[in-house]
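Open the model in your viewer and keep the selection tool at hand. The tour goes from salt bridges to the sheet and then to the cores.

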Amino acid sequence: MVDWPSAAYIHLPFCRHHCGYCDFPVIAGRDDLLPRLLEALGIELSGLERERPVKSLYLGGGTPSHLPIESLEEVIRLAQDWFPLLPGHEFTVEANPADVTAGWSESLASLEVTRVSLGVQSFDKATLDLLERDHDEEMIRTAVGFLQDAAIDISLDLMFAVPGQTIEPWKRDLEKALELAPGHFSIQGLTVEPSTPLHARVVAGELVKVDEELQRQMYLAAIERLSAAGYEHYEITSFSLPGHRSRQSEAYWNGSGYFAAGPGATRFVDGCRETNHRDTVTYLDHLLSGRSPVSSSEQLSPEMVARERLVFGLCQLEGIEAEVFLDETGFSLPELMGECLELYQARGLLEWDKSILRLTRDGLLLSDSLWPSLLEP
């Protein structure tokens, strides 16, 4: 019997401007495609055949807040038709601070949106300019005020390790963000992706990537300051006040599966991972001509499901309960990890007391380098 997920994601690819660091499946300057996207989403979601009630619904992008409010409301109603919200749900919409108004916030609250993930990235003008963002500190503060007035929970997205950034502006970003008292923070070290204009500027010598030691200091500074302010560091890049964890993220990290629709969207249902075409026009052409939007599909073996569950579990600071892992995957942690278990303990990257496995502080800092060996059969 299929264990249906209780989380769903809808990808809305539209942006006002495609920022130079962004490698997401987005499209700028093509708002004329919006009616076709709404039609295509309706076709794709009809493949579910019946309603799939969820505890968490997430609209990401792209920039969902860039859509005219009438169109965004149409997407929300369509999503709720197929993914009815269960009592006590979390419903998140991503937003650009420049788009948030009092009326926009009130409209979302009336449609059962409970959280907005606000793409702040930084309060520093030089950093925002380099990232090609179209907001400033005043817009951030105004947007947060509107959302709080509408009783919508806020997750602030901040970015560090931006070329040219030093630790003092980053610390100021943290202080200014804390003044706004959001329920949740997501902090990301910038990865310079090969296919982006930012990467081309780095290759040309116009910009220099932040060195690893400074990135380490920035990350540790965020852990120290946010923890001191009462935020729980519950996942590698996530911090929350009590009761404000992201249920959508936890659905990913717990390996419980999730539905997804839209250009470039990836879903994981009953051990099968499918990804839609990233290009918006290709996605539309396929669906509107009666073809599948899926560009790749993979049925994971029980061992690969367990290995992914291992990695996702280690992303959580609470770690992995050995007995629960064995019951839910059929694999013991020592059996699955082999020599990596002792090796990473010896290097001080893992703590293992035979019941709980978790990353150490050093393991957190090097986590990306551990995943390939743990995913390899």
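A salt bridge here is a side-chain nitrogen of Lys or Arg within 4 Å of a carboxyl oxygen of Asp or Glu. The model is predicted, and it holds 22 such bridges.

Select Glu318 and Arg245. Their closest N and O atoms are 2.6 Å apart. Glu318 sits in the loop between helix 11 (302–314) and strand 15 (320–321), and Arg245 in the loop between strand 10 (238–240) and helix 9 (247–253), 73 residues apart. Glu318 has 46% relative accessibility, so it counts as partly exposed.

Next, pick Glu308 in helix 11 and Arg273 in strand 13 (residues 272–276). This salt bridge has its closest N and O atoms 2.4 Å apart. Are these two residues buried or exposed? Both Glu308 and Arg273 are buried.

Now show Glu137, Arg141, Lys176 and Glu179. Salt bridges with shared partners join these four into one network.

Inside it, strand 6 (residues 115–121) runs parallel to strand 7 (residues 153–160), paired over 5 bridges. Zoom in on Ser117: its bridge partner in strand 7 is Ser155.

Finish with the largest nonpolar core, of 99 residues. Ile10, Leu59, Phe83, Leu118 and Leu310 touch the most other members. Helix 8 (residues 212–228) gives the most to this core, 8 residues. Apart from it lies another core of 14 residues, including Met159 and Leu198.

Key: Residues are numbered from 1 along each chain as its sequence is written. This is a predicted model: local features need pLDDT of at least 70, side-chain atom pairs count only at pLDDT 80 or more; totals for chains, interfaces and linings use all residues. Side-chain values use heavy atoms; hydrogens and water are left out. A nonpolar core is a set of buried Ala, Val, Leu, Ile, Met, Phe, Trp, Tyr and Cys residues joined through side-chain atoms within 4.5 Å. Buried means under 20% relative accessible area, exposed over 50%, partly exposed in between (1.4 Å probe, protein chains only). Helices (H or I, at least four residues) and strands (E, at least two) are DSSP runs, numbered from the N terminus. Two strands pair if DSSP finds at least two bridges between them.
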